[in-house]
Amino acid sequence: MKKLVSVLLCVMLALGVCSVGMAEAAKEPVTLSLWVWDDAQVPATQAMVDAFMEKYPWITVEITSIAGVTDYNIKIQSVIGTEAAPSVFWLNFNLGRDYIPMGFVQDLTQFIEADETFDLSTLNAGITEAYTVDGHCYAVPKDTDGYAVFYNKALFDAAGVPYPQSDWTLEEFAETAKLLTTDTVKGWTNANSDRVWYSLIMGNGGEIYTEDGMAAAVNSPQAIETSQILMDLMNNGYAFNGTQLAEVSVMASFSSQLAAMTIEGSWMISQYAEAFGENLGIVEIPSGAVGKASAGHGIGYATTTSNPHMEETWLLLSYLGSEEAQAMQVEVVIPAANAAAGIWEQVYPEYNLKAFVNALGYSRPIPLAAKNPTMARNAFKEVVANILAGMYPDAAAAMADAEVLINDAINY
């Protein structure tokens with residue numbers, strides 16, 4: 001009898017496996033597209049996609065990397081809401097604020113609530129909140145980040161300058177850059193990222209927008225003071241100017257040991273660890289008059305309301321938000337999955353990644369205008385580019401121009 005039962009169980013199991021296989025085989029093949037803007041993250045993204053396709057063999061996912069977030073944004077703007085839009089795409093804070101009210105981004109709330117295997121609470125609450133409007137969630141959080149100072153220990157040693165400590169100030173940062181500068185090395189790369197300028201301005205007590213986001217607030221004594229310190233570093237030859245950075249980028253100038261310090265985000269750790277090895281130092285961003293601030297951000301995975309394959313797309317979105325998938329990106333970014341984020345700090349135990357973890361504690365969302373946020377942000381980026389080009393006599397003129405350009409963008 002036991003032998004007969006065993007045989008029957010084996011037959012039933014085989015039939016069950018066959019029926020599952022036949023069910024999968026019966027599904028119509030579906031191809032989904034996934035757009036990203038960072039080539040350095042393509043390998044990790046491909047690993048996630050490969051694992052997903054093993055689970056759902058009738059779904060093919062094709063990755064398109066559009067290098068550079070600016071070019072990516074332009075491309076997304078040309079296809080959002082059309083049949084040419086990608087099935088899944090990286091969404092940032094300002095694009096979300098632009099496109100969600102227009103009805104282009106799919107509300108995921110019904111899919112989240114219907115999927116018992118998906119728990120949104122396991123993902124970073126701040127990033128989730130950034131993509132939640134009127135109680136509805138429009139993106140699955142991918143990662144989070146923070147800013148810190150990367151520095152070259154060998155160049156510090158050669159100059160006889162002590163390594164910086166986490167309690168240093170913006171004035172001390174500027175003095176350190178001065179001491180590190182030689183005929184062949186700049187103390188600081190300079191920053192063409194608006195987020196770096198935002199971080200330092202906010203740490204000094206300044207703001208970019210009014211509280212309601214309807215006007216620029218950047219033309220303030222605090223913002224002017226911060227900007228003048230940074231401009232003086234460039235004007236006195238302690239940091240690169242725009243012309244020089246057009247020839248060798250911020251990343252390349254630091255990696256090539258042409259600059260001793262750079263201020264960048266946590267996503268750069270893998271590239272700089274490979275470039276410097278034991279000579280890479282990391283320290284928290286310098287403090288301003290009110291402390292430290294980091295213009296935080298986190299990418300979200302989103303889809304459009306024009307997506308014809310929502311069933312398959314949700315399977316992909318759900319998987320990308322899982323701890324299994326998010327853990328695959330720990331070498332390049334801090335995962336949004338809370339459990340996987342803890343792994344990130346352990347990947348590079350030889351470096352002071354606590355600087356980035358601490359930055360999450362004083363992180364503030366990237367300042368955005370309440371109207372036309374992308375245009376307003378681009379207006380400030382234009383001013384930063386003009387500063388690096390030496391177009392302003394001083395920071396007061398630069399911030400006055402920023403106020404006009406930002407307000408014009410908001411009221412466009």
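## Close-up views of a predicted model

**View 1. The largest pocket and the residues that line it.** In this predicted model, the largest pocket is lined by 50 residues, and those that lie nearest its centre are Trp-37, Gly-68, Val-69, Ser-193 and Trp-267. Several elements give two or more residues to this lining, namely the helices H3 (69-79), H9 (194-203), H11 (242-247), H12 (250-255) and H18 (373-388), together with the strands E7 (143-144) and E10 (259-265). The largest share of the lining comes from H18, which gives 7 residues. The space in the largest pocket amounts to about 1400 Å³, and its lining divides by class into 22 nonpolar, 19 polar and 9 charged residues.

**View 2. The second largest pocket.** This pocket has a volume of about 600 Å³, and of the 25 residues that line it, Arg-97, Pro-365, Ile-366, Pro-367 and Leu-368 lie nearest its centre. Two or more lining residues are given by each of helix H4 (93-99), helix H6 (125-130), strand E4 (132-133) and strand E15 (363-365). When the lining of the second largest pocket is sorted by class, 14 residues are nonpolar, 5 are polar and 6 are charged.

View 3. In soluble globular proteins, nonpolar side chains tend to be buried together. The largest nonpolar core of this model has 114 residues, and those with the most contacts inside it are Trp-188, Met-261, Ile-263, Phe-380, Ile-387 and Ile-406.

**View 4. Helix H10 and the elements around it.** Helix H10 runs over residues 221-235, and its 15 residues reach 20 Å from the first C-alpha to the last, which is close to the 21 Å expected at 1.5 Å a residue. Which residues of H10 are buried? They are Ala-223, Thr-226, Ser-227, Ile-229, Leu-230, Met-231, Leu-233 and Met-234. Just after H10, the chain comes to Gly-237, which takes a positive phi of about 85 degrees.

**View 5. Tyr-198, a buried residue of helix H9.** Tyr-198 lies in helix H9, and it counts as buried because its relative accessibility is 0%, where the limit for a buried residue is under 20%. When residues up to four places away in sequence are not counted, Tyr-198 touches Ile-208, Tyr-209, Ala-295, Ile-366, Pro-367, Arg-377 and Phe-380. The C-alpha atoms of Tyr-198 and Arg-364 are 9.9 Å apart in space, although 166 residues separate the two in sequence.

View 6. Is Thr-243 buried or exposed? With a relative accessibility of 55%, Thr-243 counts as exposed, because the class of exposed residues begins over 50%. Thr-243 has its place in helix H11, and its C-alpha atom is separated by 9.4 Å from that of Gly-390, a residue 147 places away along the chain.

**View 7. Two loop residues with positive phi.** Gln-257 is found in the loop between H12 and E10, and its phi is near 65 degrees, a positive value in a residue other than glycine. Asn-372, which lies in the loop between E15 and H18, also has a positive phi without being a glycine, with a value near 50 degrees. Gln-257 counts as partly exposed because its relative accessibility is 40%, and Asn-372, at 24%, likewise counts as partly exposed.

View 8. Ser-270 has its place in helix H13, residues 269-276, and is buried, with a relative accessible area of 17%. Apart from neighbours within four places in sequence, Ser-270 is in contact with Glu-331, Val-332 and Tyr-348. Gln-106 lies in the loop between H4 and helix H5 (109-114), and is also buried, with a relative accessible area of 13%. Leaving aside neighbours within four places in sequence, the residues in contact with Gln-106 are Phe-111, Cys-137, Tyr-138, Thr-303, Thr-304, Thr-305 and Met-310.

Notes: Residues are numbered from 1 along each chain as its sequence is written. This is a predicted model: local features need pLDDT of at least 70, side-chain atom pairs count only at pLDDT 80 or more; totals for chains, interfaces and linings use all residues. Side-chain values use heavy atoms; hydrogens and water are left out. A nonpolar core is a set of buried Ala, Val, Leu, Ile, Met, Phe, Trp, Tyr and Cys residues joined through side-chain atoms within 4.5 Å. Buried means under 20% relative accessible area, exposed over 50%, partly exposed in between (1.4 Å probe, protein chains only). On a 1 Å grid over the protein atoms alone, a cavity is a set of points where a 1.4 Å probe fits but cannot get out, and a pocket is an open set with protein on both sides within 12 Å along at least five of seven lines; lining residues have an atom within 4 Å of a point. Grid points are joined across faces, edges and corners, and a volume is the space filled by probe spheres set on the points. Helices (H or I, at least four residues) and strands (E, at least two) are DSSP runs, numbered from the N terminus. Ala, Val, Leu, Ile, Met, Phe, Trp, Tyr, Cys and Pro count as nonpolar, Asp, Glu, Lys and Arg as charged, and the others, Gly among them, as polar. The expected span of a helix is 1.5 Å times one less than its number of residues. Contact means heavy atoms within 4.5 Å.
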